[in-house]
Structures are given as structure tokens and as C-alpha cells.
Amino acid sequence: MRTSASVLVPLLTLSCLAVSCRDEQAGPKPRVASVPVPAQARALDAAPADLTFRSGATFAGGTVVYLGSKVTPAQAAPGTQVRLAHYFQARSAPPQGFGFFVHVVDPNSGGMLVNADHEVQDGAAPLATWPVGKVIEDVHTLPMPSVPARVVLGFWRGDERLPVDDPNAQDGSNRMHGPRLGGAAPELPEYVVRRVAQPPKLDGVLDDAAWKAATPVVLRGSFDGREPRLRTEARIVRDDEFLYVAFDSEDPDIWGTLLERDDPIYEQEVVEVFLDANADGRTYNELQVSPHNVIFDAYFPARRQGMDLSWDSGMTTAVKVRGTLDDASDKDEGWSAEMRIPFARLAEVPHIPPRLGDRWRFNLYRLEHHQRRTVEGQSFSPLFVGDFHALPRFGWLTFE
């Protein structure tokens with residue numbers, strides 16, 4: 001599934017959240033290189049003495065050194081505009097044809113929070129024109145993130161990035177570590193799942209006593225935690241063999257064109273549960289169902305790595321549509337889905353059946369395509385990045 005999915009606005013980010021979609025960590029997207037303008041660069045003899053972040057790491061065999069950055073103000077309220085000034089020095093003739101990029105990312109997953117790509121000094125100082133020995137200053141502003149974040153920066157040309165010499169000074173994809181931004185991350189939510197003596201009947205209708213006894217939760221905007229345009233309510237219960245998950249989704253146009261098991265239904269309208277049973281932040285399962293009751297299930301041995309579609313969850317599902325599937329000419333009410341997930345098939349379950357007080361990491365999701373175009377992501381635990389695989393933001397599933 002997804003990567004940023006998702007300045008990268010949330011809806012654009014979420015349109016690229018699928019596993020088949022490009023991961024921002026893989027490298028810069030192809031862009032048309034801007035034509036260098038006559039240099040009117042601000043060149044300094046030295047960087048300011050009051051940098052809030054100092055580096056000294058180099059690109060391309062010592063050709064260019066990143067001296068550091070100054071963030072003003074260093075502490076600011078989320079959403080407040082902050083000024084970032086970056087300082088570089090060419091120690092020998094700089095390479096040709098490279099543009100400049102600045103990303104603000106989640107420090108744990110590397111997922112994109114803000115794409116602040118721009119030309120150095122608004123195009124007045126392309127890398128190829130930097131005078132050797134002088135310090136080049138680049139200044140821009142961006143909103144202070146609401147969660148802990150890190151600035152990463154560097155230079156791109158086509159599908160390559162200018163190499164960072166020290167592997168400890170970059171994120172593994174030639175994005176140089178810059179200053180940290182943002183405050184404390186919001187607390188992770190918890191869902192207490194109850195054991196039921198009589199499991200729900202799988203018919204897509206959520207009128208069973210088990211569902212009535214379960215705690216309802218309303219999903220929030222996955223990118224920012226705000227109230228979404230359409231309501232989605234979820235509930236979870238369990239017995240000794242199965243975990244049961246129910247979604248009820250408000251939806252005026254219920255549709256889907258992917259009809260085969262393990263089709264990439266995450267590219268259309270879908271509800272999902274991600275389960276990290278041993279809470280190791282590494283191995284996890286992804287399970288989905290569409291309004292057509294098409295199933296997608298996968299095992300991941302690590303975040304976004306080794307997606308195994310041959311894994312069979314043994315999940316049973318049921319869907320109830322309140323409206324007309326695939327007919328945009330009328331107005332639907334919504335759809336509900338039930339999942340029955342065998343504990344024994346999931347990856348690295350500590351105890352079967354789960355014991356009182358066992359705690360898993362998990363998240364619940366919905367993808368809604370408004371007017372079949374604009375994508376809205378919802379989640380139980382907001383991610384604050386455009387990536388449903390942001391494992392550090394998974395909530396807690398506690399067994400009662």
C-alpha cells in the first residue's frame with residue numbers, strides 16, 4: 001500500500017500511498033531542470049556564528065560542504081511560519097545540472113511531511129555557478145510541523161541525487177540530515193478489545209449483540225487528525241480464535257472496479273486493518289476489504305519491504321451496501337464491512353488465544369475517493385505523514 005502515501009498537500013500525498021506507488025525515499029521524481037539565470041548570488045565570506053544546526057558534512061567527494069542551518073524562531077507553535085537559512089560552500093568547481101531539494105520528514109519512517117523544494121536564492125544561485133571558497137546562503141520559510149520532524153536536503157539531477165560522502169550524515173538515499181523541527185508527538189491512542197462469548201454473524205449488518213457491546217471509534221484524517229468529510233465508525237471484538245473488525249462508512253457513491261483477490265484495491269475505496277502482533281515495529285500484516293467484498297491481504301517482514309501476497313490470512317469478510325454499487329447517478333447512504341481474522345494465521349502472535357493485558361500495535365484505515373477523484377485518508381491513529389505504513393504512529397490494541 002501507500003507512500004507519500006503525500007509543499008505536498010495531504011490529498012496529493014494520499015493519492016500516492018500504494019505499495020506500487022513511488023516512495024519519496026527512493027529518489028527524486030523526474031523534473032524539468034530549470035535553466036540557470038545569470039548569477040546574482042548572495043555570497044558570504046563565512047557562515048553566521050549563531051547557526052542553530054551545524055553540519056560540516058560534504059557532497060561528491062568533498063566538492064560541496066553543508067555548513068549548517070539557522071531556524072528562526074527555533075521554537076514556534078505548530079503551523080507558524082519559520083525561517084530556514086541554509087549555508088553551503090563549494091571547495092572545488094561544483095558539478096553541473098543539479099537542482100536543490102528540501103524535504104521535511106518524519107524522523108522515524110522518513111515519510112514526507114512537507115516538500116519544500118525550490119531553487120537556491122530563487123534561481124539566482126544554481127549550484128554550478130557557486131564561486132569556490134565563498135559561502136552561499138539560501139533562505140526560505142515553511143510552517144512548523146505539529147509533530148517531531150527533520151529537515152533533509154541535497155541536490156538532484158533527473159533520477160539521481162548528489163552523493164553524500166558520510167553515510168552517517170544522510171538517510172540512506174542521499175538526503176543530508178539538517179535541523180530538527182516540531183514539538184512532541186501526540187499520544188498514541190489505545191483500543192481495548194473485549195472478549196465475547198457469542199461472536200457476530202458475518203452478514204455485513206452490524207446489529208449483533210457483540211457489536212453493540214464493543215466500543216465505537218470514529219476515524220480521523222490520517223494526515224492531520226482533523227474531522228473527515230465522511231464519517232467512518234469502527235468496532236473490534238474477539239473470541240479465542242478470531243479477531244473481529246467492523247467498519248461502517250458513510251458514502252454517497254459506492255464503487256470499485258477491481259474484482260479479483262489481492263488486486264490493488266488500496267488504489268480505490270477500501271477499509272483496512274494493519275496488525276503488528278508482537279509490537280516490534282517491524283513485522284506486520286495488512287488486511288483490506290472493498291465494497292465489492294474483494295479481499296487483499298499481505299505480510300511484511302519489515303516496513304514496506306518484502307510484501308508477501310502469497311500469505312493467506314484465512315480472513316472471512318462480509319459487506320452490506322446501502323445503495324447501488326457502481327452507479328454514480330444516484331446517491332448512496334454507505335456501506336459496512338465485517339472481518340473475521342484467525343489469530344493463528346497472523347505473523348508472530350505472542351499468545352493464542354491472546355492473554356489478558358496483551359498489547360499489539362495496530363491501525364485502522366479508510367480510503368475514500370470523493371467524486372472518484374480526490375482522495376481522503378482516515379485512520380484510528382493519525383499518522384501526520386502520507387504513509388499508512390508509518391509504524392511508529394500505530395496505536396495500541398489491548399486485550400481485555
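**View 1. Asp326 sits in the loop between strand 19 (316–322) and strand 20.** Welcome to a predicted model, seen here through a few close-ups. Although Asp326 is not a glycine, its phi is positive, at about 65 degrees. With a relative accessible area of 36%, Asp326 is partly exposed.

**View 2. Ala279 has a positive phi without being a glycine.** Here phi is about 55 degrees. The loop that holds Ala279 runs between strand 16 (270–276) and strand 17. Ala279 is partly exposed, and its relative accessible area is 26%.

**View 3. Thr72 and Pro73 are joined by a cis peptide bond.** If you like to check torsions, omega is about -10 degrees here. Pro73 belongs to the loop between strand 3 (64–72) and strand 4 (81–90).

**View 4. A cis peptide bond also links Ile352 to Pro353.** For this bond, omega is about -5 degrees. Look for Pro353 in the loop between strand 20 (334–342) and strand 21 (359–370).

**View 5. Glu137 is a buried residue in strand 7 (residues 135–143).** Its relative accessibility is 13%, under the 20% cut-off, so Glu137 counts as buried. The side chain of Glu137 makes a polar contact of 3.5 Å with the side chain of Arg42. Leaving aside residues up to four places away in sequence, Glu137 touches Arg42, Leu44, Arg83, Ala85, His86, Tyr87 and Gln121.

**View 6. Tyr284 and Phe300 form an aromatic pair.** The model has 20 aromatic pairs by the rule used here. In this one, the ring centres of Tyr284 and Phe300 are 4.9 Å apart and the planes meet at 5 degrees, so the pair is stacked. The two residues come from distant parts of the chain, 16 residues apart: Tyr284 from strand 17 (residues 284–289) and Phe300 from strand 18 (residues 295–300). Both Tyr284 and Phe300 are buried.

**View 7. Seven residues make up one aromatic cluster: Phe53, Phe59, Tyr66, Phe88, Phe100, Trp130 and Phe155.**

**View 8. The largest cavity has a volume of about 30 Å³.** Its lining consists of Trp255, Gly256, Thr257, Leu258, Ile265, Gln268, Glu269, Ser290, Pro291 and His292. By residue class, the lining of the largest cavity has four nonpolar, five polar and one charged.

Terms used
Residues are numbered from 1 along each chain as its sequence is written. This is a predicted model: local features need pLDDT of at least 70, side-chain atom pairs count only at pLDDT 80 or more; totals for chains, interfaces and linings use all residues. Side-chain values use heavy atoms; hydrogens and water are left out. Helices (H or I, at least four residues) and strands (E, at least two) are DSSP runs, numbered from the N terminus. Buried means under 20% relative accessible area, exposed over 50%, partly exposed in between (1.4 Å probe, protein chains only). A polar contact is a pair of N or O atoms within 3.5 Å; within protein, one must be able to donate a hydrogen and the other to accept it, and residues adjacent in sequence count only if both atoms are side-chain atoms. Contact means heavy atoms within 4.5 Å. On a 1 Å grid over the protein atoms alone, a cavity is a set of points where a 1.4 Å probe fits but cannot get out, and a pocket is an open set with protein on both sides within 12 Å along at least five of seven lines; lining residues have an atom within 4 Å of a point. Grid points are joined across faces, edges and corners, and a volume is the space filled by probe spheres set on the points. Ala, Val, Leu, Ile, Met, Phe, Trp, Tyr, Cys and Pro count as nonpolar, Asp, Glu, Lys and Arg as charged, and the others, Gly among them, as polar. Rings of Phe, Tyr and Trp (its six-membered ring) pair if their centres lie within 6.5 Å; planes under 30 degrees apart count as stacked, over 60 as edge-to-face and the rest as tilted.
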